[in-house]
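Please open the model in your viewer and keep the selection panel at hand. The stops below are given in order, each with something to select and what is found there.

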Amino acid sequence: MPPRTSVPPRRRPPLVVTADGDLLDDLLRLAAAGGVEVEVAADPAAARTRWQPAPLVLVGIDQAQPCLRARLARRSRLVLVGRAGDMEPGWQIADLLGAEHVAVLPAAEPWLVDQFADCGLDGAGTARVVAVVGGRGGAGASILAGGLAVTAARARLRTLLLDADPLGGGLDLVLGWEQLEGLRWPALTGADGRVDAPALVRALPSRGDLVVLSWDRGDLLAVPAEAMAATLDAARRGREFVVVDLPRQLDDAAVTALQAADRAFVVVPAELRATAAAARVVAVAAPHCHDLSVIVRGPAPGRLRAQEVARALGLPLAGALRPEPGLCRGLERGEAPAAGGRGPLAELCQRIVTDLTGQAPAGAA
Ligand SMILES: Nc1ncnc2c1ncn2[C@@H]1O[C@H](COP(=O)(O)OP(=O)(O)OP(=O)(O)O)[C@@H](O)[C@H]1O
Ligand SMILES: [Mg+2]
């Protein structure tokens, strides 16, 4: 395998200290518009350990006095925030707290979005993007994409699994998430193809650190390339790991995703005809990739070796998957691939995620 670039440091999110639900809603909306997620503490006790490491701290006016009493250390990029009408003693208490700014909503909304966006820019582009494409139909690409996303989330990385294959039947099904509430592609792309990307990531089905942007089972649509670009842009800023499941017929959106990917994998069953089909896919995909490699999936009825498949395709071999019948049974029961952290697929996914991020899933060897 070629040597990998060094692992970027994990970004710390901005910290919001408030117990005021309405104010929090406003700030979450502004953070999303700035393309970042935030940590929330309801009071100074919950804020204490995150107070210094956070790149930006917003203290709601409701928690200003408690923070003062708690004698939290002075720090830079501290903002006192509240709605007009609640801010009567604002300046005085801001002074006592050592806050650099007082942000009065709604007037300060654009300024706050910029402050949040700056925090995202510290590590802009640090989300790792991985794209997966099948070398032939039914190669195992979607299962690998699902396994990678599940594994990254197990490693506590904020992960987005992005379904870019309109004919794939919906990646939410691969995870057993078809009942989960949240938006899918068709509802997200308007007639003009525009998409409010930061709001989008918040509106998706999610569990823990994993969110999924899937197709539904309604009318077919293509993803406009601009919608894909906007989604990837938001994901790069607000997420840490992004997995894109590509269609084999690369449309504009798929090419956009491939170009954005740090690594791309073509999954090829260990068969002669699959290798020939994969050569076509590789010919179309390779010009758009920084780093394309092959994952060969067994069984190999003709004893074709993984190395031979990779050599025939002229690409490095990223891994080989032994047959895993238990995996298929689990999928039928609605179990997500690699969810247990064991077996050939889970091990390969762990290696790929760790390689790219330095982050090992809980319980990984
Ligand atoms: N690692 C694996 N171990 C065992 N069987 C697998 C594995 N990966 C995939 N399969 C089998 O192959 C089938 C197709 O897998 P998958 O949907 O991931 O392929 P694909 O390349 O995404 O196909 P499509 O052409 O429909 O996009 C699965 O339903 C499963 O039966
Ligand atoms: Mg698929």
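Select strand β8, residues 206–207, together with β9: the two pair in the antiparallel sense over 2 bridges. The model is a predicted one. To see the pairing at residue level, pick Ser206, whose bridge partner in β9 is Val211. Next, go to the turn of this hairpin, where 2 residues lie between β8 and β9. Gly208 is the one to click in the hairpin, with a positive phi near 55°.

Now keep β9, residues 210–213, and show its side chains. Are its faces covered, or is one of them open? Both are covered. On one side Leu210 and Val212 are buried, and on the other Val211 and Leu213 are buried as well.

Move on to ligand 1 and select the 18 residues around it. Which of them come nearest? They are Gly134, Gly140, Ala141, Ser142 and Ile143. Two elements give two or more residues to this shell: α6, residues 141–154, and α14, residues 325–332. The largest share, 3 residues, comes from α6.

Finally, colour the shell around ligand 1 by residue class: 9 residues are nonpolar, 6 are polar and 3 are charged.

How values were computed
Residues are numbered from 1 along each chain as its sequence is written. Chains are lettered from A and ligands numbered from 1 in the order in which they are written. This is a predicted model: local features need pLDDT of at least 70, side-chain atom pairs count only at pLDDT 80 or more; totals for chains, interfaces and linings use all residues. A residue is near a molecule or strand if its C-beta atom, placed from the backbone, lies within 6 Å of it. Helices (H or I, at least four residues) and strands (E, at least two) are DSSP runs, numbered from the N terminus. Ala, Val, Leu, Ile, Met, Phe, Trp, Tyr, Cys and Pro count as nonpolar, Asp, Glu, Lys and Arg as charged, and the others, Gly among them, as polar. A residue is buried if 20 or more other C-beta atoms lie within 10 Å of its own, exposed if 12 or fewer, and partly exposed in between; C-beta atoms are placed from the backbone. Two strands pair if DSSP finds at least two bridges between them.
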